[in-house]
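Let's walk through a protein chain together, one question at a time. Have a look at the picture first, then try each question before reading on.

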Amino acid sequence: MIIGELMTAVVARVSPNDSLSATIALMREKNCSCVLVSEDGYPKGILTERDVVRLFSDTIKQQVIPDVVIAEVMTVEPVCVQASTPLHDALIVARSQKLRHLLVVDEHDKLVGLVTQTDMVDAYVYLIERQVELETENQQLHLLSHKDALMGIGNRRAMEVELAFTEASSKRYSKTYAVALMDVDFFKQFNDHYGHQKGDEALQALATTIQSSMRDTDRLYRYGGEEILLLMPETNASDANVAAERVRQAVQDRQLPHITSPLGFLTISIGVASGQAESWQVLVGRSDTALYQAKQSGRNEVCDA
């Protein structure tokens with residue numbers, strides 16, 4: 001199932017310079033909880049009931065409804081999905097970014113509709129109930145999972161979906177994004193000395209440590225083995241390096257014992273890459289090269305591509 005089969009066609013559309021009071025009247029007339037904001041057909045924002053309530057709560061003492069234009073109130077640079085986007089992929093994005101609405105665009109990036117999280121969840125439940133070809137409940141849970149079973153962070157599938165959406169958003173709104181690829185130093189020696197069960201416990205502890213030191217807007221995934229990828233939307237090279245260094249320092253400060261490491265505790269090496277026009281595959285490749293350089297330079301450090 002694709003989003004184009006679920007979306008609601010544009011019922012109420014306004015421009016950034018339209019009057020707020022007129023727009024509220026339109027929302028009441030159409031009995032809709034939000035309006036889509038576009039210019040020349042391209043998405044510019046979304047105005048929801050929550051935006052209106054937030055504005056009124058700030059100005060309620062004035063006892064006058066502020067007659068402002070939509071651009072002053074709307075949520076800008078809304079997350080968009082294409083009509084051909086699979087339901088599963090759109091759900092990953094909506095859940096990870098805690099979004100109730102996704103704007104739907106066509107292959108030319110023109111605004112064509114809206115899909116809500118409720119629409120997607122209802123459709124997904126419907127599909128799950130009819131997945132008779134799945135042999136066991138465990139198989140079903142495995143296919144629908146967005147998280148790595150061991151580390152409790154995003155899995156490889158979720159990573160690829162969100163990287164693709166971040167890349168598209170970066171190009172649409174001319175924003176820079178960054179990735180940091182991390183690898184545990186001397187992890188083979190750790191497993192050889194402590195055993196694989198202790199190795200799994202160490203990876204779980206590392207994931208918890210990294211999550212506690214990363215920004216709310218960033219997202220973490222298991223890239224493979226002991227490699228972890230940190231996705232940083234709307235982040236330039238300088239800020240990405242600061243964020244990566246904070247993560248590296250947090251792991252070092254955790255002081256997880258690693259007797260076969262020269263430092264005596266677990267550390268990570270990190271390669272960072274940022275860009276706007278590049279595909280996410282190119283950006284990850286650049287961060288992988290930077291990670292290799294960090295390893296060659298002595299480990300336990302951040303290297304910028």
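Q: In the loop between which two strands is Asp40 found?
A: Keep in mind that this is a predicted model. Asp40 has a phi near 55°, a positive value in a residue other than glycine. Its loop lies between β3 (34-39) and β4 (42-48).

Q: Is Asp40 buried or exposed?
A: To count as exposed, a residue needs over 50% relative accessible area. Asp40 has 67%, so the word for Asp40 is exposed.

Q: Where is Glu234?
A: Glu234 is another residue other than glycine with a positive phi, near 50°. At 58% relative accessibility, Glu234 counts as exposed. The place to look is the loop between β11 (227-232) and α9 (237-254).

Q: How many helices and strands does the protein chain have?
A: Picture a C-alpha trace spanning about 70 × 50 × 40 Å along its principal axes. Of the 305 residues in the chain, 46% count as buried. Go through the chain's elements and you get 10 helices and 13 strands.

Q: Which strands stand at the edges of the open sheet of 4 strands?
A: The sheet has mixed pairing and runs in the order β1-β8-β7-β6. An edge strand here has a single partner strand, so one side is left without a neighbour in the sheet. That makes the edge strands β1 (8-9) and β6 (80-82).

Q: What is the bridge partner of Gln82 in β7?
A: Start with the strands: β6 and β7 (residues 101-105) pair in the parallel sense, over 3 bridges. Now follow Gln82 across to β7, and the partner you reach is Val105.

Q: How many disulfides does a search of the whole structure find?
A: A disulfide is a covalent bond between the sulfur atoms of two cysteines. Here, two cysteine sulfurs have to be within 2.5 Å to count. For Cys80, the closest cysteine sulfur is in Cys34, 13 Å away, which is too far for a bond. Over the whole structure, the search finds 0.

Q: Is Cys80 buried or exposed?
A: The cut-off for buried is under 20% relative accessible area. Cys303 comes in at 15% and counts as buried. Cys80 has 5% relative accessibility, so the word for Cys80 is also buried.

Q: How far apart are the mean positions of the positive and negative charges?
A: The protein chain has 29 positive and 42 negative charges.

Conventions. Residues are numbered from 1 along each chain as its sequence is written. This is a predicted model: local features need pLDDT of at least 70, side-chain atom pairs count only at pLDDT 80 or more; totals for chains, interfaces and linings use all residues. Side-chain values use heavy atoms; hydrogens and water are left out. Buried means under 20% relative accessible area, exposed over 50%, partly exposed in between (1.4 Å probe, protein chains only). Lys and Arg count as positive and Asp and Glu as negative; His and the chain ends are not counted. The place of a charge is taken as NZ of Lys, CZ of Arg, CG of Asp or CD of Glu. Two strands pair if DSSP finds at least two bridges between them.
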